[in-house]
Amino acid sequence: MAAPPRALRNGLPGSGGRPCPFPKWRRRRQRVTAAGGGASGSRAAPLPWQRAGSGGGMEPAGMEPAGMGMEPAGMEPEPAGMGTAGMGVERAGMGTAGMEPAGTEPAREAEEPPGSPALPAEPRQAGPPGAAAPGEGALPGASGRERERGRRGAGAGQGQGGRAARGRARRAPGRRGGDEGGRRPGVTVDSSKAKTSLEALKISLRQLRWKEFPFGRRLPCDIYWHGVSFHDNNIFSGQVNKFPGMMETVRKITLSRAMRTMQDLFPLEYNFYPRSWILPEELPLFVAEVRVMKDSDPSWKPTFIVKPDGGCQGDGIYLIKDPSDIRLTGSIQSRPAVVQEYICKPLLVDKLKFDIRLYVLLKSLEPLEIYIAKDGLSRFCTEPYQEPTLKNLHQVFMHLTNYSLNIHSENFIHSDSVNTGSKRTFSSILCRLSSRGADVKKLWSDIISLVIKTIIALTPELKVYYQSDIPSGKPGPTCFQILGFDILLMKNLKPMLLEVNANPSMRIEHEQELSPGVFENVPSPVDEEVKVAVIRDTLRLVDPQKKKRKDAQCPRLEHVPESSESLPDAVPAERPEPDGPRSPEAGLPSLCLKQVFPKYAKQFSYLRLVDRVAALFIRFLGVKGTTKLGPTGFRTFIRNCKLSNSNFSMAAVDILYIDITRRWNSMGIDHKESGNTGMCLQAFVEAFFCLAQKKYKSLPLHEQVLSLIEFCECHLAALDEKRLLWGWGVPERRGGTGGPCQAEGLHLSPAAPALLNRTATASKLADYRTQRN
Ligand code: ADP
């Protein structure tokens with residue numbers, strides 16, 4: 001499907017006002033399924049949750065009948081048709097302990113009540129060589145001892161933190177809590193807001209011998225571990241494990257917008273995100289585009305998935321075969337959504353659809369530093385997959401991989417092994433793929449690329465939030481954050497991004513129903529294996545004492561240099577710990593988090609155009625603490641960058657500002673400053689693209705945008721120089737606007753910089769073209 005021009009999309013009017021209710025899945029303690037199946041074609045009422053057919057001679061997931069390891073999805077051709085099958089679900093009780101406060105709307109996901117024990121992770125065993133990432137040895141598998149621990153711990157977990165965790169600390173060989181027994185004073189960590197990640201955090205801290213402050217501390221701590229958001233606490237120093245604005249930035253609509261901007265600029269590079277439309281504003285566009293595509297290709301029988309914005313755990317999601325099936329009986333305005341092309345041919349294992357949860361550490365925004373965990377989780381559906389038909393559209397256990405849904409299927413398999421059951425390690429999947437001859441090196445490389453590109457799409461918005469919450473020059477904490485990437489593998493092994501979670505579940509227990517209505521928390525070895533390592537190694541990477549030691553060794557090396565290694569075929573080789581054998585980290589397993597940026601910066605930096613647009617935006621924001629640009633700021637931007645001329649008067653500038661700002665504000669999805677009527681970053685980006693298209697007509701969009709960025713940066717650098725020279729002082733560059741202008745003088749005609757820019761960017765674009773071909 002060819003993307004329509006951005007202008008067409010943006011120019012379309014609103015939805016026409018038909019309201020749409022998204023079924024609210026009720027949360028109950030009892031696992032009760034409702035009667036009534038999801039009737040195909042029914043659009044009126046949310047359909048109750050049907051337990052997917054439980055038998056029918058199918059093997060449960062994980063039983064792996066011989067020869068049925070991994071196969072492509074069944075290819076039954078789907079008759080064209082209208083209708084939706086609802087996925088109204090009555091959800092079983094989600095433990096409320098440790099849930100986030102109302103109103104914060106965290107991106108929660110599969111949550112189990114906390115409180116069961118688990119021991120510190122051991123150094124990992126080597127897996128089968130076939131699955132090993134190059135240079136890495138083998139991918140990890142669980143040791144028998146860990147599994148045994150899981151079994152021993154089963155049933156002992158009660159409550160949050162508590163006895164079980166203390167017992168665990170006692171059993172940890174050679175480790176003493178806090179700084180009491182260590183050779184150095186431990187790093188101090190405030191865990192009072194850790195919520196559902198507390199258990200895994202406690203284990204990590206004990207392994208590191210760092211000092212935990214479970215009830216907070218009067219003195220500042222080195223690290224603050226928040227369960228939900230940056231704003232859980234007022235912090236003025238140290239490090240916080242959340243970025244301001246992350247939750248807003250990865251919401252379904254915001255993420256889809258950011259990805260679309262990148263798809264407009266670099267369509268081939270960003271083809272890992274399904275085509276998406278935002279409801280209600282793009283409903284007419286969605287209808288029109290699907291009609292055009294169906295007319296041009298009558299054999300195209302698409303399925304779409306509707307996902308409410310801000311939803312999680314599969315909440316309110318349903319599949320449709322036709323745009324007219326979107327539920328419009330409530331007020332869609334009150335719950336906007338994303339409608340997305342449904343990936344009909346996922347890779348199957350044991351005939352089941354599954355997705356991958358990968359953990360990604362955003363260690364720093366400026367400079368950009370990204371790490372990926374070597375292992376993740378694979379979450380399985382519990383009904384054998386069939387391509388969507390009107391009959392099976394409503395079958396959540398077949399189509400949605402959410403743990404929180406499938407746990408309620410009678411086919412769900414809890415396993416002590418990381419290789420079987422309904423939740424497994426990703427490395428175990430790679431082993432199987434590898435043993436069947438799949439190119440897992442390429443798969444890893446594609447995943448790394450997907451992660452870096454996605455973060456590049458998110459950073460502009462994050463920088464706006466960051467400067468608003470932590471203006472430079474003021475005391476404030478630095479931030480890092482573990483993100484959960486949900487990835488679906490297509491049957492050709494192409495990874496597709498489904499979503500990014502700001503608060504991936506870090507629980508290491510799951511709820512088990514002992515008898516009807518009686519639940520108990522038991523350790524989940526798979527979760528523990530993966531999540532404890534991710535938290536512990538995140539802490540090791542942000543260790544302030546390690547940084548001090550490094551700074552002392554090489555005081556001039558402030559930032560990680562942007563290196564230029566090529567993208568690996570797989571996860572890069574482990575490097576020895578820089579601290580050597582006598583390091584406080586000696587004895588810990590090797591890091592499970594691998595740096596991918598700036599390590600592979602060279603291949604991806606050309607994509608960071610919107611980052612530079614955001615830097616311009618931030619420069620003209622004016623008032624600190626705001627995230628929206630006022631009309632004066634926009635005018636100043638135009639004047640300082642010399643963008644106004646006889647063809648583009650200041651009156652036209654004002655009209656552009658008013659038009660775009662009004663439209664964006666009327667969309668009504670503003671998580672930043674409700675009531676503030678200024679221009680948000682995404683509106684500014686749209687205005688910037690408009691200006692670029694106007695100014696550099698004949699170029700492809702990304703070249704137009706790049707040319708305009710360089711034109712603006714050039715003028716601003718010259719202006720700064722002039723101000724310095726005359727002693728006026730240079731405006732604080734909160735976002736940074738690139739290096740000084742190479743061109744002489746201030747009076748470049750629009751044509752001259754365009755020419756210069758084309759030359760300057762020729763090599764980047766040559767790289768880009770080579771990559772595309
Ligand atoms: P939530 O945040 O509610 O879990 P997701 O976007 O993760 O929402 O979607 C829930 C599940 O639906 C995913 O885990 C996946 O199994 C399925 N899914 C989501 N989007 C698609 C898609 N475009 N194609 C196929 N399956 C999808």
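**Figure 1. Cysteines in the predicted model, with 0 disulfides counted.** Welcome to the first close-up of this predicted model, where the disulfide count comes to 0. A disulfide would be a covalent bond between the sulfur atoms of two cysteines, and the cut-off used here is a pair of cysteine sulfur atoms within 2.5 Å.

**Figure 2. Helix α6 meets helix α11.** Here we turn to a helix pair. Helix α6 spans residues 252–265 and helix α11 spans residues 440–469; their axes come within 9 Å and cross at roughly 105°. The two helices are therefore roughly perpendicular to each other. On the α6 side, look for L255, A258, M259 and M262, which meet T454, I456, A457 and L458 of α11. Sorted by class, this contact has 7 nonpolar residues, 1 polar residue and no charged ones.

**Figure 3. S415 and its polar contacts in a loop.** With a relative accessible area of 17%, S415 is buried. Its side chain reaches the backbone nitrogen of S417 at 2.9 Å. The side chain of S415 also makes a polar contact, at 2.7 Å, with the side chain of T420. Leaving aside residues up to four places away in sequence, S415 touches T420, G421, P525 and V526.

Notes:
Residues numbered from 1 in each chain as written. Predicted model: local features only at pLDDT ≥ 70, side-chain atom pairs only at ≥ 80, totals over all residues. Heavy atoms only, no water. Axes fitted to C-alpha atoms, helices over the stretch in contact; angles between N-to-C directions. Helix = DSSP H or I, 4+ residues; strand = E, 2+ residues; numbered from the N terminus. Parallel < 35°, antiparallel > 145°, perpendicular 65-115°, else oblique. Contact = heavy atoms within 4.5 Å. Nonpolar A, V, L, I, M, F, W, Y, C, P; charged D, E, K, R; others polar. Buried < 20%, exposed > 50% of the residue type's maximum accessible area, 1.4 Å probe, protein only. Polar contact = N/O pair within 3.5 Å; in protein donor to acceptor, adjacent residues only side chain to side chain.
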